[in-house]
Amino acid sequence: MPEKLKDPKSPNMSGRRNKNCPALQCIPGEYIQEAATHVRKSVLSRDGEGYLPGTLYCTNLRVAFLPDPSANTGDCSCPPFMRSGYDVALPCIRRLVAVNSFTKAKVLTSTSALKFIPEELVIYCRDFRVLRFRFHESGLEPQAFRVTTAIARAQEGSRDSGYGGAALRGLVLLGNSQLTGEEEEFPTLLFETLRDWEKELRRLGTATWRVSPVNERFDMSTSLPKYLWVPKGFLDNELKRAFVHFNGRRIPRLCWHHPGGSDLLRAASFHADSDPEKEDMRSVETLMLAGHSQCVIVETGADLPSPAEIQQSYVKLWGLSLCLADSFVALTDEKWFSSLEGTRWLDYVRACLRKASEVAVLLAERTQSVILQETDDRDLNCLLASLVQVISDPHTRTISGFQSLVQKEWVAAGHAFQQRLNLLQKNERDESPVFLLFVDCIWQLLRQFPQSFELSEAYLVALHDSCYLPFLSTFLFNCQWERGRNNQHHFLNQLYTPINGWRETLCLEILQKDGYPAKEASGAYLPSIWDWGLRYGLQQRAQFRNPCYNHSGNSSGPVRNGNSRSQTRNKMETIPPGNGAMFLFSKGSLSLPTQLFPWKNGSLSKKVSRWAQLSEGHGEQDRPSRGKSSLCRLHSKGLLLLPWHAGPFVQLWKRCYLRGNPEVQVGLFAPSVAGLTEELQLLQERLSHWQARGSPSPVTENGKEPH
C-alpha cells in the first residue's frame with residue numbers, strides 16, 4: 001500500500017510546502033504536496049517541439065506549472081490561479097504516463113510501484129489536452145520521482161475522498177482586485193431573477209407571452225427554473241393543472257419567439273400514469289397550442305443519439321485522439337480516418353445539425369407553435385433548442401447573446417451538468433458530454449459561416465476546456481433548485497459582468513454535507529464560467545472575438561442547404577389549414593397522430609387530429625400575420641443560417657481534439673507576441689482564400705478545408 005499523505009490541515013505540512021515554493025499562489029484550503037524545479041514543459045509550434053522552463057507543482061486540487069520569470073510568456077496579466085494551458089484540475093486527468101528511455105512507459109495509478117526515475121511525465125486530460133513535462137537530467141531526479149508519485153496519488157485520491165468537498169471548501173476566490181480596471185466584457189443574463197426573464201422577453205418582441213413566477217419556490221418542479229414564459233392571460237391557477245401530466249412536471253413553455261410570429265416551446269413527454277380531467281386537458285391544450293391554430297410536436301430523440309450513445313462515441317474519440325498524440329500518425333492516414341468514422345461522433349454532429357435545420361425551417365415557414373418534446377426534457381431538448389436559436393437569431397451569435405443562451409437553455413433549464421460532466425467524479429454511469437456535442441455543432445456553424453459569429457474558435461476551445469473545471473459554479477450543479485437550496489435569498493445581480501465581481505453564494509447544504517461548518521461559508525463564492533478574466537489573460541481574451549465578424553448581422557449566404565428548406569416547406573404546405581390541429585414531426589416527416597397521449601382515460605382514447613377551438617383571447621387573431629414577402633426579408637437579412645450537414649461538410653474539430661499535433665495546435669492561445677503574430681498570419685491567409693473564392697465558408701468543392 002502506498003504511504004498515506006499527510007493531513008492537509010496540518011500546519012506543518014502546509015506551511016513547509018508553501019514556504020519552500022512561495023511562487024505558486026494557492027487558494028484557501030489548497031496546499032502543495034510536492035514540487036519539482038527546472039522542469040521543461042513541451043510547447044508545440046510549426047517549427048517543431050520547444051520547451052518552456054519552470055516549476056511543476058502538485059496540490060490537493062490541481063497540477064500546476066509555473067514558468068520561470070526569465071521565460072518570455074508574453075502575457076504578464078494572466079492570473080495565477082488555473083492558468084489556461086499550464087494547469088489541470090485533478091478530476092480532468094484521465095491518464096498519467098511516466099516515461100524513461102531505458103524502460104517501458106508506465107501508466108500510473110495510486111497503487112503503482114514506480115521502479116524507475118521518470119525522465120518525462122505525460123498527462124492526458126479529459127478535455128483532449130496532452131501536457132508533457134521533461135525533468136532535469138542531472139542531480140534533481142528525486143524531485144521527479146516524488147512529484148510524479150504525488151500526482152498519481154492525488155489524482156486517484158480525488159475519486160475516493162470527495163474532491164468536490166475539498167474544492168468547495170477552498171474556493172474563496174481571489175477577490176475583485178484582479179478585475180479592477182479591466183473593461184466590462186460580455187454582459188450575460190443569468191436568468192435567476194424575474195428581471196432577467198422580462199428583459200429577454202422584451203428583446204424577443206412578443207406581447208402574447210408573460211413571465212410566470214408559478215415555480216418561484218420550486219414547489220411545481222425542482223428541475224425547472226424559478227420563472228417560466230407562459231401564454232399571456234393564462235392564469236397561474238390554471239397553469240398548475242398541467243404540471244402533473246408531464247414527466248418531471250416539466251410543462252411546455254416558451255424558449256424563443258420567431259420575428260414572423262411562430263413560437264418555439266420545449267417540454268417533457270406526457271406522464272403515462274396521470275389521469276387528466278377535462279379542465280386539466282384544457283390547460284395542457286392551451287400550453288401546447290400557445291395561442292396558435294396549429295401545433296407541430298417534434299420528437300427530439302427520434303433522429304438524435306441517446307446520452308449513452310454520445311458517451312460511448314466520445315470515449316472512442318478520446319482514445320483515437322490519444323493514439324494520434326502518441327504515434328504522431330499523419331492526418332492523411334486512411335486507417336485513422338476509418339477509425340474516426342467508426343466512433344460515429346461526426347454522424348451525431350450531422351444528425352444534430354440536420355434536425356436543428358429542419359426545426360428552424362418549420363419556425364420560419366409557418367406561423368404556429370413548434371414543441372420540442374423529450375422524455376425528460378433535460379438533454380437533447382437543451383441541445384436542439386439552443387441550436388435552433390443560434391441558426392435563427394443573430395443575437396445568439398454574439399458572445400453576450402451566446403452566453404445568455406447557454407444560461408437559459410442549459411443552466412436554468414436544468415441540464416444535469418453534475419451527472420453528465422461528472423466533475424465531482426461521483427457516478428460514471430450517467431456521464432455523457434451532451435453539452436460538448438452542442439459546442440462542436442457551434443464550431444461547425446462557425447466554420448461554415450465565419451462572418452456571422454462574434455465568437456471565435458479560440459472562444460469555443462476555452463468554453464470546451466472550462467467544462468472540466470470543478471471550481472466553476474456554472475457546470476457544477478444539476479438545476480437552479482440544487483444550486484440555491486438553503487440559500488434561495490442570495491441571488492444578487494440579474495446581470496453578470498466581470499467588472500462588478502458578482503459571485504454565486506456557496507450552497508450551505510453541500511458545505512455541511514462535506515463537514516465544512518456553514519458559518520465559515522460567509523463570503524465564500526464560486527466563480528462563474530463567464531468570468532474569463534480569472535483564467536485567461538488580456539491577449540488570450542482578445543482572441544475570443546472573431547476578426548471576420550460582420551457587425552451588421554448580414555450574411556452573404558443565409559440559406560446554405562436549400563434542399564432541406566424546400567423539402568420541409570413542401571411537407572408543411574400539404575398540411576390542411578384547420579383549427580386546433582396537432583401534428584407530429586418525426587424522422588423528417590410530418591403526420592397526424594392517431595394517439596397522441598398515453599393516458600388510458602376512455603374520453604381521451606379517441607383520435608386527436610382535431611382539437612376544440614380555444615377560448616376567447618387565445619386565438620390566432622391575437623397573433624401577428626406574416627406573408628411570404630416577410631419570409632423573404634428574413635432570409636435576405638441573414639437571420640437564418642442553414643448549414644451543410646452531409647458527408648465531408650461536417651469535419652473533425654482538429655484544434656480541440658488533436659491537441660498533440662504540432663500543425664494543429666500552433667497559435668492557439670499563443671503565450672507570446674510572436675505566437676500571436678503567427679496566429680494572425682494564419683487567419684489572414686484563410687481570410688484571403690475565402691475572399692478570393694467569394695464564399696464565406698472555408699469548405700471547397702471536394703469538402704476539404706483549405707490549409
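The chain folds into 22 helices and 20 strands. Helices (H or I, at least four residues) and strands (E, at least two) are DSSP runs, numbered from the N terminus. The model is predicted: local features need pLDDT of at least 70, side-chain atom pairs count only at pLDDT 80 or more, and totals for chains, interfaces and linings use all residues. Residues are numbered from 1 along each chain as its sequence is written, and side-chain values use heavy atoms, with hydrogens and water left out.

Of the 707 residues of the chain, 60% count as buried. Buried means under 20% relative accessible area, exposed over 50%, and partly exposed in between (1.4 Å probe, protein chains only). The accessible surface of the chain comes to about 28400 Å². Carbon and sulfur atoms account for 50% of that surface. Accessible areas come from the Shrake-Rupley method with a 1.4 Å probe; for residues, only the protein chains shown count as cover. Among contacts between residues at least 6 apart in sequence, 72% join residues at least 24 apart.

The structure holds 24 salt bridges. A salt bridge is a side-chain nitrogen of Lys or Arg within 4 Å of a carboxyl oxygen of Asp or Glu. One of them pairs Arg-62 with Asp-87, the closest N and O atoms being 2.8 Å apart. Arg-62 lies in strand E3 (residues 62–67) and Asp-87 in the loop between E3 and strand E4 (88–89), so the pair ties together parts that are 25 residues apart in sequence. Arg-62 and Asp-87 are both buried.

A salt bridge also joins the side chains of Arg-253 and Asp-377, at 2.6 Å from N to O. This pair links distant parts of the chain, 124 residues apart. Arg-253 sits in strand E12 (residues 253–257), and Asp-377 in the loop between strand E15 (369–374) and H10. Both Arg-253 and Asp-377 are buried.

Arg-266 and Glu-409 meet through their side chains in a salt bridge of 2.9 Å, N to O. Arg-266 belongs to strand E13 (residues 263–268) and Glu-409 to helix H11 (residues 399–411), so the pair ties together parts that are 143 residues apart in sequence. Arg-266 counts as buried because its relative accessibility is 1%. Glu-409 is buried too, with a relative accessible area of 2%. Salt bridges that share partners join Arg-250, Arg-253, Arg-266, Asp-377, Lys-408 and Glu-409 into one network.

Helix H10 (residues 380–392) contains Ser-392. Ser-392 has a relative accessible area of 4% and is therefore buried. Leaving aside neighbours within four places in sequence, Ser-392 is in contact with Trp-256, Ala-360, Arg-397, Leu-639 and Leu-640.

Cys-467 occupies the loop between helix H14 (457–466) and helix H15 (480–484). With a relative accessible area of 0%, Cys-467 is buried. Beyond neighbours within four places in sequence, Cys-467 is in contact with Leu-421, Leu-423, Phe-435, Leu-436 and Phe-475. The C-alpha atoms of Cys-467 and Phe-417 are separated by 9.1 Å, although the two residues are 50 apart along the chain.

Ser-528 is found in the loop between strand E18 (525–526) and helix H17 (538–542). Its relative accessible area is 3%, so Ser-528 is buried.

Most residues other than glycine have a negative phi. Phe-191, a residue other than glycine, has a positive phi near 55°. Phe-191 lies in the loop between strand E9 (188–189) and helix H4 (194–204), and at 1% relative accessibility it counts as buried. Asn-422 is not a glycine either, and has a positive phi of about 55°. The loop between helix H12 (417–421) and helix H13 (434–448) holds Asn-422. Asn-422 is buried, with a relative accessible area of 4%.

On the surface, Glu-238, Asp-275, Glu-277 and Glu-279 gather in a patch of negative charge. Patches are made of residues with over 30% relative accessible area and no salt bridge; like charges are joined within 9 Å, and nonpolar side chains (Val, Leu, Ile, Met, Phe, Trp, Tyr) within 5 Å. Lys and Arg count as positive and Asp and Glu as negative, while His and the chain ends are not counted. The place of a charge is taken as NZ of Lys, CZ of Arg, CG of Asp or CD of Glu. Glu-279 lies in helix H6 (residues 278–289). Glu-279 is partly exposed because its relative accessible area is 43%.

Conventions. Contact means heavy atoms within 4.5 Å.
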